[in-house]
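Colleague: I have a model open on my screen and would like to learn how to read it. Could you walk me through it?

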Amino acid sequence: MLTDLKVKVGPQFYRYRVGAIEFVPDVLKEFSAKNILVVHGQISFEKAKPYLSFLDASEYHFHFLQYTGECSYYGAERIVDYVEGHQIDFIIGVGGGKLTDLVGYAAHRLNTNFGVIPTLASNCAPWTPLSVMYKETGESEGKTEHFLRQAAFLITDPELVVDAPVEYFVAGLADTLAKWYESDAILQQDHLRCEPFLQVATYTTVLCKEAILNDSAKAISDMKAGLATEEFIHLSEIVFAVAGLVGGLGDKYARNAIAHAMHDGMSKYLPASHNYLHGEKVAYGIFYQLAVEEKWEQIEVLLPFYRELNLPMSLQQMELFPTDEAVIDQIVEFVDSKEKVHLLPIPITKNLLKESMFNLEKYISTH
């Protein structure tokens, strides 16, 4: 049996339906929250305000802090200083993935309870007790902060989420699709197949994959029309909640592998990649991992889906392929340094990682 598995399932309370945000005061009461800091973005917060009627409740004292747009150590320090300076007893994050990552990490630093109200479905950040760290410039720090504190609640409304930019949802679908492609080969290894929590994680990755491949076109079309249909609600829920269960149940064996390592490497060494969303870079990362695994037939199967959603398939398509081979070597060195990459049941070498970058570019250019 495994002796290193850490199961961190998710927020203590979850609700996603029309009118769900009206339930926030019930959770605040459970945690005896009175002096509350609301960390928020700009445009998303303006859209969210009509749903946040609890802000008018007289029994609470609300403070407001707009974040800088990045989940950075500087941003976390701003929250820490504000909470300590104003005796805050609860933090609420209203916004997207970077904001909820930032709030989670700051709450961990402070040993303070927090809840999140996602305003879009672009990744599973609202669910997971980890934060992907960036510099204020948008460059990746190349590291992730893991912690044990879970959100007290994740509550939001599909009518708020459907009003977000469509490209973020598309990127979220790609990021979630990676759950299966990154973890399948790892979880199918004989010494892991009988572990109960890893079995549940496996079933969850299959659910994510099948729902996204089957229902994305309809959900995206409905979102463009501003309709919170069943397909949109289910897929958005899979993106920001169910996908988080994969890593929560499977820990490092089901969280991510080469696709996300490549995302981090791009974010760190290719400044122009900041023009692409997290999920778009992960979409390329899926193809890259399949190239490393020499699973060209799976890339072939995914090509129509990628084209339908206009997802990037190669660095040349993204106009990001490095002209300096030293940059390629830096990315390869970074990817190779990640433990999660070496959980795959194939011998990973720097030569293989480098050759696969070129092989993928050649393959896509001829397909």
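Modeller: Gladly! Let's begin with the sheet: 6 strands form an open sheet in the order β1-β8-β5-β4-β2-β3, with parallel pairing. Two strands pair if DSSP finds at least two bridges between them. Helices (H or I, at least four residues) and strands (E, at least two) are DSSP runs, numbered from the N terminus.

Modeller: Keep in mind that this is a predicted model, where local features need pLDDT of at least 70 and side-chain atom pairs count only at pLDDT 80 or more, while totals for chains, interfaces and linings use all residues. Residues are numbered from 1 along each chain as its sequence is written, and side-chain values use heavy atoms, leaving out hydrogens and water.

Colleague: How many bridges join β5 and β8?

Modeller: Strand β5 (residues 114-118) and strand β8 (residues 153-156) pair in the parallel sense over 2 bridges. Look for valine 116, whose bridge partner in β8 is leucine 154.

Colleague: What should I look at when two helices pack?

Modeller: Two packed helices are described by the angle between their axes and the distance between the axes. For α3 and α4, the angle is about 50° and the axes are 9 Å apart. That makes α3 oblique to α4. Angles under 35 degrees count as roughly parallel, over 145 as roughly antiparallel, 65 to 115 as roughly perpendicular and the rest as oblique.

Colleague: Which residues of α3 and α4 meet?

Modeller: Among them, Ile79, Val80 and Val83 in α3 and Leu102, Tyr105 and Ala106 in α4. By class, this contact of α3 with α4 has 9 nonpolar, 1 polar and 3 charged residues. Ala, Val, Leu, Ile, Met, Phe, Trp, Tyr, Cys and Pro count as nonpolar, Asp, Glu, Lys and Arg as charged, and the others, Gly among them, as polar.

Colleague: At what angle do α6 and α11 cross?

Modeller: Helix α6 (residues 166-187) and helix α11 (residues 296-309) cross at roughly 165°, and their axes come within 12 Å. That makes α6 roughly antiparallel to α11. Here Val170, Leu173, Leu177, Trp180 and Tyr181 in α6 meet Gln298, Leu302, Phe305 and Leu309 in α11. The contact of α6 with α11 has 8 nonpolar, 1 polar and no charged residues.

Colleague: How many aromatic pairs does the structure hold?

Modeller: It holds 16. Rings of Phe, Tyr and Trp (its six-membered ring) pair if their centres lie within 6.5 Å; planes under 30 degrees apart count as stacked, over 60 as edge-to-face and the rest as tilted. Phenylalanine 90 and phenylalanine 153 form a stacked pair, 6.0 Å centre to centre with 10° between the planes. This pair links distant parts of the chain, strand β4 and strand β8, 63 residues apart.

Conventions. Axes fitted to C-alpha atoms, helices over the stretch in contact; angles between N-to-C directions. Contact = heavy atoms within 4.5 Å.
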